[in-house]
Amino acid sequence: MKLGSLKEGGRDGTLIVVSRDLTKAVKASAIAPTLQAALDDWSNSAPRLNALSDELNEGNASGAFALDMAALASPLPRAYEFVDGSAYLPHVERVRRARGAEVPKSFYTDPLMYQATSAGFLGPRDPVVVQSEDYGIDLEAEVIVITDDVPMAVTPAQASEHIQLVGLINDVSLRGLIPGELAKGFGFVQSKPRSALSPVLVTPDELGDAWQGDKLHLPMRTWLNGAWFGEAECGVDMQFSFADLVAHVAKTRPLTAGTIVGSGTIANEDTGKGASCLAEQRTVETLRDGKPSTPFLKFGDRLKIDITDAGGASIFGSIEQQIAPYQG
């Protein structure tokens, strides 16, 4: 099934079930008012939501309406926790090589992750609002999973059973602020503003053979100002599966239902597949030419992030945003 949230009903939106072709939806208020409420009681709400999804796809759902992407909030307008990883080591290796540093051996056996911003997420058509272009505005096209309640110290095999939804995220980064923050040795704060989630989140079974080994095996397609930017393969060069990432986060604490776990920027050894963030492209240019030539995002720039099935149909709906100046 596919789930989304309308921009109505309060800070956490109104839960809707969305048709497989992303053209129709129906409110799920009789089952759960919000997606977070559904996740809090997932064992009871999921079968009922699945039944409603079947009715919608068969054309029998009462109250069904045409889906308007502009009316959608993030499926989870806010979450208790968002932990992001960097599971694609080609990205890590290139970035470090460009600055003359080696990748620590532990990165190959122990996931690199950090606690990200979760108090609010942008809708899939909301602008990315930034105070200054000098901050080095960048997109990061990633895959995310959403868990139910995860006990502490689960194994990866156990963690796999707690992955309930899959989606996309534009994990916005302000590259100009990152070096100064990391130099303090305490992590990201100002350099990681709010990110945007895909219009819908889907259950893993909706992905069919594209979901194997707790990885999504499809290309992440990105465009900038209407021009192709990249289509890195999500299932290739991913050092750690989502089950590995969830188990890593839960090593010393349980995870609350609705926890978001990110893959990190999708990147492949094959640079011919393009990039999923500007920092990656600039690193490739630096290694090749001695300096970057691709600029970071400017006000008015447009981005699009999407993943399609074998027939070319969008699975999660596309994230389409414009960069806009903060007006105060």
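This is a predicted model: local features need pLDDT of at least 70, side-chain atom pairs count only at pLDDT 80 or more; totals for chains, interfaces and linings use all residues.
1. Helix α2, dimensions. Helix α2 spans residues 42–57, 16 residues in total. From first C-alpha to last it reaches 21 Å, close to the 22 Å expected at 1.5 Å a residue. After α2 comes Gly-59, with a positive phi near 80°.

2. Helix α2, buried face. Seven names to check by eye: Trp-42, Ser-45, Ala-46, Leu-49, Leu-52, Ser-53 and Leu-56 are the buried residues of α2. They cover an arc of only 130° around the axis, so they lie on the same side of α2.

3. Helix α2, partners. What do the buried residues of α2 pack against? The partners are β1 (2–6), β2 (14–18), β3 (24–27), α1 (35–40) and β10 (163–170). Ala-46 is found in this helix, α2. Its relative accessibility is 11%, under the 20% cut-off, so Ala-46 counts as buried.

4. Largest core. The largest nonpolar core has 64 residues. Those with the most contacts inside this core are Val-143, Leu-207, Leu-216, Met-220, Ile-307 and Phe-316. Helix α6 gives the largest share, five residues.

5. Leaving out residues up to four places away in sequence, Val-143 touches residues including Val-166, Leu-168, Leu-216, Met-220, Phe-242, Ile-266 and Ile-307. Another core lies apart from the largest one. This other core has 31 residues, among them Ala-28, Leu-52, Leu-56 and Ala-116.

6. Aromatic pairs. The count comes to three aromatic pairs. In one of them, Trp-211 and Phe-242, the ring centres are 6.1 Å apart and the planes meet at 25°, so the pair is stacked. Trp-211 lies in strand β14 (residues 211–212) and Phe-242 in helix α6 (residues 242–249), so the pair ties together parts that are 31 residues apart in sequence. Are these two residues buried or exposed? Both Trp-211 and Phe-242 are buried.

7. Charges over rings. Two lysines deserve a look. Lys-192 lies over the face of Phe-188, at 5.8 Å from the ring centre. The charged end of Lys-304 sits over the ring of Trp-223, 5.0 Å from its centre.

8. A distance to check. How far apart are Ala-46 and Trp-223 in space? From C-alpha to C-alpha, Ala-46 and Trp-223 are 34 Å apart. In sequence, 177 residues separate Ala-46 from Trp-223.

Key. Residues are numbered from 1 along each chain as its sequence is written. Side-chain values use heavy atoms; hydrogens and water are left out. Rings of Phe, Tyr and Trp (its six-membered ring) pair if their centres lie within 6.5 Å; planes under 30 degrees apart count as stacked, over 60 as edge-to-face and the rest as tilted. Helices (H or I, at least four residues) and strands (E, at least two) are DSSP runs, numbered from the N terminus. Buried means under 20% relative accessible area, exposed over 50%, partly exposed in between (1.4 Å probe, protein chains only). A charge sits over a ring if NZ of Lys or CZ of Arg is within 6 Å of the ring centre and within 35 degrees of the ring normal. The expected span of a helix is 1.5 Å times one less than its number of residues. The arc is that of the directions from the helix axis to the C-beta atoms. Contact means heavy atoms within 4.5 Å. A nonpolar core is a set of buried Ala, Val, Leu, Ile, Met, Phe, Trp, Tyr and Cys residues joined through side-chain atoms within 4.5 Å.
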